[in-house]
Every structure is written in C-alpha cells, then in structure tokens.
Amino acid sequence: MYLMERQKTIKRRITFEGIGLHTGKESALTLEPADENIGILFRIDGKEFYVNITNVCDTLQNISLCFGERKVMTVEHLFSVFTGLGIDNLVIEINYGEEVPILDGSAYEFVKAIKEVGLVEQSARREYFYIDREFRYTKSEDQYLVLKPSDRLIIDYEIDFEFIGKEKLRLEVTPETYEREISKARTFGFLEDADRLKRAGLALGADLSNVHVYSKADRKFINQDRYPDESVRHKILDLLGAIAIFRPSLTGEFIARKSGHTMDVALLKEVYFTYFSY
Ligand SMILES: [Zn+2]
C-alpha cells in the first residue's frame with residue numbers, strides 16, 4: 001500500500017529554541033529542507049553527520065545521539081514527528097546547546113510548526129524496509145518488545161506502572177493518527193522522583209509546563225490530562241522516535257509490553273545489525 005509514496009521534506013527552514021529537559025539549558029536548532037535520498041543529517045559546528053540507529057549512545061532517561069565527540073540529547077520527541085508525518089529528508093542544524101528543546105514535553109509544537117510551513121513531495125520514491133522474520137527483545141515474562149513483519153506500521157503498546165496502572169493502545173501510524181492520537185502526549189514523571197533526578201543531574205529543566213506530573217501522595221496527575229491514557233500514548237511517541245532513527249523507513253507490527261528507550265533501541269539495533277552489517 002505504501003509503494004507509490006514519494007519522499008518528503010519541509011518547505012522552509014524552522015528554528016526551535018528553548019530549554020532542554022535534562023540539561024535545563026537553553027538550546028536552539030534549525031530544521032532545513034534537504035534533497036531527496038539524503039535522510040536525516042545533523043550539522044554541528046559546520047560538520048555534517050548522517051544518522052542511523054548505531055549513533056544512539058545513551059538510552060537511560062532519553063535517547064542521545066553521538067557523533068564522535070559531539071552529543072545531542074533527547075532527540076526522541078522531534079524524531080517521532082519524522083515517522084509520524086512521514087518526513088524523509090532533513091538537515092538538523094544545532095545552533096547552540098546539546099539537547100533538543102523540550103518545549104511542552106510532547107511533539108505537538110514541532111508538528112504545528114512543520115505543518116505551518118508545510119511538506120513538499122520530492123520525485124524519489126520512499127524506500128521502505130521490510131523485515132522477513134520476527135524479532136523479539138525479552139527482559140522478563142511480562143516485559144518485552146516484538147517486531148513482526150507487516151507492510152504497515154502498527155503499534156500495540158501496554159504499560160503497567162505502579163500508581164498509574166494499566167494503559168493499552170493499538171493503532172496504525174499514519175500522519176492523521178499520529179497528529180490526533182499521539183503527538184500531544186507529554187513526557188510523564190512522578191513528583192516524588194523529581195528531587196532524586198535533579199540531584200543526579202537529570203531532569204534539570206523539568207517543570208509543570210513540560211511534564212505530565214503524577215503525585216503518588218495525591219494518587220493523581222496534578223496537571224491537566226490531554227488524553228485519558230496519555231502515558232501509553234507518550235510511550236508510543238518515544239518508540240516512534242526510535243524508529244525514525246533507524247534508517248531506512250521501517251514498517252512492521254510492534255508489540256510492546258512495558259518497553260522503554262533502552263529496549264526500543266536494543267531491538268532496532270538487532271534488526272539493523274541483522275541486515276546492514278557485513
Ligand atoms: Zn519521551
């Protein structure tokens with residue numbers, strides 16, 4: 001069904017500025033249109049770096065990419081937009097800073113700005129990558145990530161966090177479902193973890209404007225929900241970010257049970273090394 005789709009880039013440059021979730025420091029980046037078959041390319045200090053899943057160098061609290069000495073943190077929300085809206089070619093110029101701005105904690109600010117400038121279809125066909133067998137990453141009996149062959153991109157995700165409880169969602173990812181069902185879901189965290197994370201030098205930029213915060217004492221989220229099951233939707237958003245880092249465009253059916261950045265990236269690296277390492 002995807003066979004005739006063309007590659008896409010953005011019509012004009014867009015700059016995003018703001019603080020990083022983990023560093024708490026100001027940063028800025030500019031998205032620029034790129035020629036067909038370029039893929040996602042970072043420009044840092046005048047040097048250019050192609051991205052694929054092997055550039056992931058940290059998955060502890062975010063997905064970081066490393067290019068030699070240079071590091072870009074928390075790329076997953078921005079990258080989810082590339083999978084979600086179907087953007088193939090783009091240059092990401094890092095103007096200053098080491099982390100993608102967190103903005104409102106979701107991907108919606110990126111989606112809004114990109115839709116405002118618009119996408120342009122290019123003449124080259126989008127190349128999809130199809131796996132020919134199942135892949136599985138198992139951490140425990142109820143914590144695993146499976147990828148099954150499919151010519152569509154389907155995500156079936158279930159989480160079960162203490163306090164938040166079970167949330168489950170299955171959807172086929174299209175630009176429409178991504179924007180409506182996934183893109184507004186924010187990063188979530190527990191109020192009670194904030195001090196410990198900040199002491200460890202993490203989440204220094206986190207506050208109620210960019211995190212959906214759950215209070216264990218109050219047994220509820222203390223800022224307003226955007227979806228009744230916002231947490232599982234954000235986990236899907238994060239997974240779509242990891243999928244965008246895998247090049248070329250991957251299709252398949254992902255069955256995720258209590259997964260996260262580390263498992264998402266481990267599975268994608270296994271797929272990558274199965275087919276692309278000689
Ligand atoms: Zn996230």
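Two strands pair if DSSP finds at least two bridges between them. The legends below describe close-up views of a predicted model.

**Figure 1. Strands β6 and β7 are joined by bridges.** In this predicted model, β6 and strand β7, which spans residues 64–67, run antiparallel and are linked by two bridges. The bridge partner of D58 is S64, a residue of β7.

**Figure 2. An open sheet is formed by three strands.** The strand order is β6-β7-β8, and the pairing is antiparallel. At the edges of the sheet lie β6 (56–58) and β8 (70–72), each of which pairs on one side only. Direction ignored, neighbouring strands of the sheet are turned by 40° against each other on average.

**Figure 3. Helix α1 is mostly covered.** The helix comprises residues 76–85, and ten of its ten residues are buried. Among them are the charged residue E76 and the nonpolar residues L78, F79, V81, F82 and L85; H77, S80, T83 and G84 are buried as well. The elements against which the buried residues of α1 pack are the strands β4 (40–44) and β10 (119–125) and the helices α2 (108–117), α3 (175–182) and α5. Just after α1, G86 adopts a positive phi of about 75°.

**Figure 4. Helices α1 and α5 cross at roughly 75°.** Their axes come within 7 Å of each other. Because angles of 65 to 115 degrees count as roughly perpendicular, α1 is roughly perpendicular to α5. On the α1 side, the contact is made by E76, H77, F79, S80, F82, T83 and G84. On the α5 side, L237, D238, L240, G241, A242, I243, A244 and I245 take part. The residues of this contact divide into eight nonpolar, five polar and two charged.

**Figure 5. Helix α5 also packs with helix α6.** Helix α5 covers residues 230–245 and helix α6 covers residues 261–276; the angle between them is about 30°, and their axes are 10 Å apart. Since angles under 35 degrees count as roughly parallel, α5 is roughly parallel to α6. The crossing of these two helices is right-handed. Helix α5 contributes D238, L239, A242 and I243 to the contact, while α6 contributes H261, D264, V265 and L268. Five nonpolar, one polar and two charged residues make up the contact of α5 with α6.

Notes. Residues are numbered from 1 along each chain as its sequence is written. This is a predicted model: local features need pLDDT of at least 70, side-chain atom pairs count only at pLDDT 80 or more; totals for chains, interfaces and linings use all residues. Axes are lines fitted to C-alpha atoms, for helices over the stretch in contact, and angles run from 0 to 180 degrees between N-to-C directions. Helices (H or I, at least four residues) and strands (E, at least two) are DSSP runs, numbered from the N terminus. Angles under 35 degrees count as roughly parallel, over 145 as roughly antiparallel, 65 to 115 as roughly perpendicular and the rest as oblique. A crossing is left-handed if the near helix is turned anticlockwise from the far one by less than a right angle, and right-handed if clockwise. Two residues are in contact if their C-beta atoms, placed from the backbone, lie within 7 Å. A residue is buried if 20 or more other C-beta atoms lie within 10 Å of its own, exposed if 12 or fewer, and partly exposed in between; C-beta atoms are placed from the backbone.
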